[in-house]
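Please look through the sequence and the model below, and then read the report that follows.

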Amino acid sequence: MAALSGTSAIVVSLALDGRPATGGPDDEAIAEAYRRWRAGAPRAEVARALGNTLPRLTKQLRSGESVLEPRRLMGRDLRERFGWTTSAQSLYVRKGLLPTPDGVDGTSRWWWESTVDGWEQVAELHWCGRCRHAFISVVGLKEHRTRLHG
Ligand SMILES: [Zn+2]
């Protein structure tokens with residue numbers, strides 16, 4: 001890990017409470033996994049580079065034991081962030097209103113967090129103050145207000 005300290009974005013495998021971090025990937029494997037992650041490789045490939053399996057890596061990412069940075073946002077992350085329903089999101093995708101995904105992992109599109117941050121800055125979203133749902137058009141917000149809060 002020491003070889004990577006100072007990099008702004010790293011692939012980290014944290015030791016569990018009190019357990020020595022032995023048997024984990026070495027610095028070289030971590031650097032390779034990080035290179036692949038940055039290049040947009042699917043998570044399965046990153047897991048392989050770490051000598052890990054995808055189900056185990058997924059579990060470690062969920063528990064916070066492992067962290068892959070910079071973050072990739074999946075559709076559900078966008079729905080959470082902008083308060084969108086699945087159908088609202090599908091509509092935005094069909095209309096081409098969302099930023100172009102940075103990659104596809106299996107069947108899931110994903111975006112670097114910075115892509116979504118940049119998009120949000122220029123998109124001029126209209127937020128419903130009552131339910132924290134972001135609308136791309138002011139008309140959409142008005143219709144929503146009438147329908148749900150009218
Ligand atoms: Zn609302």
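## The zinc site

His149 is partly exposed, with a relative accessibility of 23%, where buried means under 20% relative accessible area, exposed over 50%, and partly exposed in between (1.4 Å probe, protein chains only). Cys131 is also partly exposed, at 35%, whereas Cys128 is buried at 1%.

These residues belong to the zinc site, in which Cys128 (SG), Cys131 (SG), His144 (NE2) and His149 (NE2) coordinate the ion at 2.0 to 2.2 Å. Donors are N, O and S atoms within 2.8 Å of the metal (3.2 Å for Na, K and Ca), and because water is not among the atoms, sites may look incomplete. The donor residues follow the spacing C-x2-C-x12-H-x4-H in sequence. Cys131 lies in the loop between β6 (126–128) and β7 (133–135), while His149 lies in helix α7 (residues 138–149), so this pair ties together parts that are 18 residues apart in sequence; helices (H or I, at least four residues) and strands (E, at least two) are DSSP runs, numbered from the N terminus.

## Confidence in the model

This is a predicted model, in which local features need pLDDT of at least 70 and side-chain atom pairs count only at pLDDT 80 or more, while totals for chains, interfaces and linings use all residues. Residues are numbered from 1 along each chain as its sequence is written, and side-chain values use heavy atoms, leaving out hydrogens and water.

The pLDDT, the predictor's confidence in each residue from 0 to 100, averages 86 over the chain, and 85% of the residues score at least 70. Over residues 13–20, however, the pLDDT is below 50. Where pLDDT is low, the predicted coordinates should not be read in detail.

Methods:
Contact = heavy atoms within 4.5 Å.
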